[in-house]
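Dear colleague,

I am handing over the structure below, and after it you will find notes on what was found. Please read them with the cut-offs in mind, which are given where each term comes up.

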Amino acid sequence: MIQAITVIGLGFVGLTTALGFAEKSFRVRGVDKDSRRLARLAAGQLPFHEPGLDDALRRHLGKGFLLTPGIAEAVRGSSLVFLCVGTPSGPDGDADLSILLQAAREVVAAIDDVAPVVLVIKSTVPPGTTRDVVAPLLRSLPDAAGESVALAANPEFLREGCAWDDFLRPDRVVVGVDDDRGWALLAEAYAGFAAPVERVTPTEAEFIKYLSNTLLATLISFANEMSMIAGRVGGIDIRRTFGILHGDKRWHGAPAAMASYAFPGCGFGGYCLPKDTQAIAHLARRLGVEAGLLEQVIATNAAIKRAAIDRITATAGPAQMIGILGLSFKPESDDVRESPSLDIIAGLLERGYRRIVAHDPMATANFAESYRLPIEYGQSAREVVDCSDVVVIATAWCEYVNLLTGVADKPVVDLRHCLKPPIDDAEQPTP
Ligand SMILES: NC(=O)c1ccc[n+]([C@@H]2O[C@H](COP(=O)([O-])OP(=O)(O)OC[C@H]3O[C@@H](n4cnc5c(N)ncnc54)[C@H](O)[C@@H]3O)[C@@H](O)[C@H]2O)c1
């Protein structure tokens, strides 16, 4: 029976997981090595924007959800320890597992009795990581506790912007575990969720997460490649043609959101799709598998951003003021990691465009602080539109659609195809 649950790493995934299990009445302890993040959480503030999580934090902080200053205190007496730390891209695109492995070592060092602990890897890791990297690491540690720790892989499928809802109402839970004790505890943890809990091996669980993310990345790159062809052909209404594609009855029954991935924009971004596609392509290269499709998905994601810059420079001269609307990688999020806006603005600066003013309803501060680009930031979308010669929609926030629909007094480069024509048609390159 579960005594307590520990969550290590309180980012998007970890904080949602911790509060989600507290919502299901488990005693949860959370730890993060970022003291600023811990202090904000202790004050009841979210370190990022995520609807629903703020109320959950208020409900559970100091009750079902306790913050602890270190891993040792967090792990003591816990039955399940979830690792939710980052797994960024390494230099060759491989998954950098150093943060995860360091956290695993710290957990083992903190186990001071032989109480059985299941170490659950919720971070996204390439298939084979639990079996071929984490398990041998634990066996090699001088501390005997490493031997008594059972391992499981339990990838997370939540989407930023609806993380709370996705966690509480998953369509399926994937539990990769070889050992029956680990399975029993994880089955208990997820018993209160109305979703099938699929028991697979840890390697299969890890693989399923990459199946999911690389399919989404592939759909996006496919749509982007087709949109580049359509742009050259000319006279093609992207919104209408893709809308009619989605009318095919074979799409029906799939959640509506799936069709939104088979729709062009200016490239996939965020923390997951870019790094996970890179990581699996790297794994394929290492294993000698010819994974041309994945390599092309990545190449197309770079090409669509170059095409976006071409569309802007075809419309705006270097002396003109360009207004970039949208800095987060998607609407309803303040996450700017791998945001296409970064590459697009950097590309414009490289081509000598110096007069750039940008806006985002939520992500301006994050973007300015993370990337420190020599551009200006507007207080409001209206202000940016008014002072720009050419307006670029880089993130499809509803606010921008409402503001710009029907506006015809200045060129709008709609990189997300979110406006109805004629504006979109007006800036299509001629063949
Ligand atoms: N963000 C998403 O939408 C999403 C969705 C599904 C899966 N994932 C995967 O989940 C993992 C986490 O993603 P995220 O977006 O939550 O990352 P994040 O960067 O937002 O959060 C990770 C947290 O872990 C903390 N941390 C790192 N090392 C630690 C240690 N030794 N002890 C305690 N805390 C430590 C960091 O300070 C940070 O707060 C990644 O592998 C990611 O690929 C992310």
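An oxygen atom of the ligand lies 2.9 Å from a polar backbone atom of Thr 124, a polar contact being a pair of N or O atoms within 3.5 Å (within protein, one must be able to donate a hydrogen and the other to accept it, and residues adjacent in sequence count only if both atoms are side-chain atoms). Taken alone, the ligand exposes 830 Å², of which the protein buries 91%; accessible areas come from the Shrake-Rupley method with a 1.4 Å probe, and for residues only the protein chains shown count as cover.

This is a predicted model, in which local features need pLDDT of at least 70 and side-chain atom pairs count only at pLDDT 80 or more, whereas totals for chains, interfaces and linings use all residues. Residues are numbered from 1 along each chain as its sequence is written, and side-chain values use heavy atoms, with hydrogens and water left out.

Of the 29 residues around the ligand, Asp 32, Arg 37, Thr 87, Glu 160 and Lys 275 come nearest, where a residue is near if one of its heavy atoms lies within 4 Å. This shell divides into 13 nonpolar, six polar and ten charged residues, with Ala, Val, Leu, Ile, Met, Phe, Trp, Tyr, Cys and Pro counted as nonpolar, Asp, Glu, Lys and Arg as charged, and the others, Gly among them, as polar. Helix H5 gives the most to the shell, with three residues (helices, H or I of at least four residues, and strands, E of at least two, are DSSP runs numbered from the N terminus). At least three shell residues come from each of domain 1 (5–200) and domain 2 (234–426), the bounds being from an automatic or database domain assignment.

Elsewhere, Glu 156 forms a salt bridge with Lys 122, their closest N and O atoms being 2.9 Å apart; the term means a side-chain nitrogen of Lys or Arg within 4 Å of a carboxyl oxygen of Asp or Glu. Glu 156 sits in the loop between strand S6 (149–153) and helix H8 (163–168), and Lys 122 in the loop between strand S5 (117–121) and helix H6 (129–140), so the pair ties together parts 34 residues apart in sequence.

Best regards
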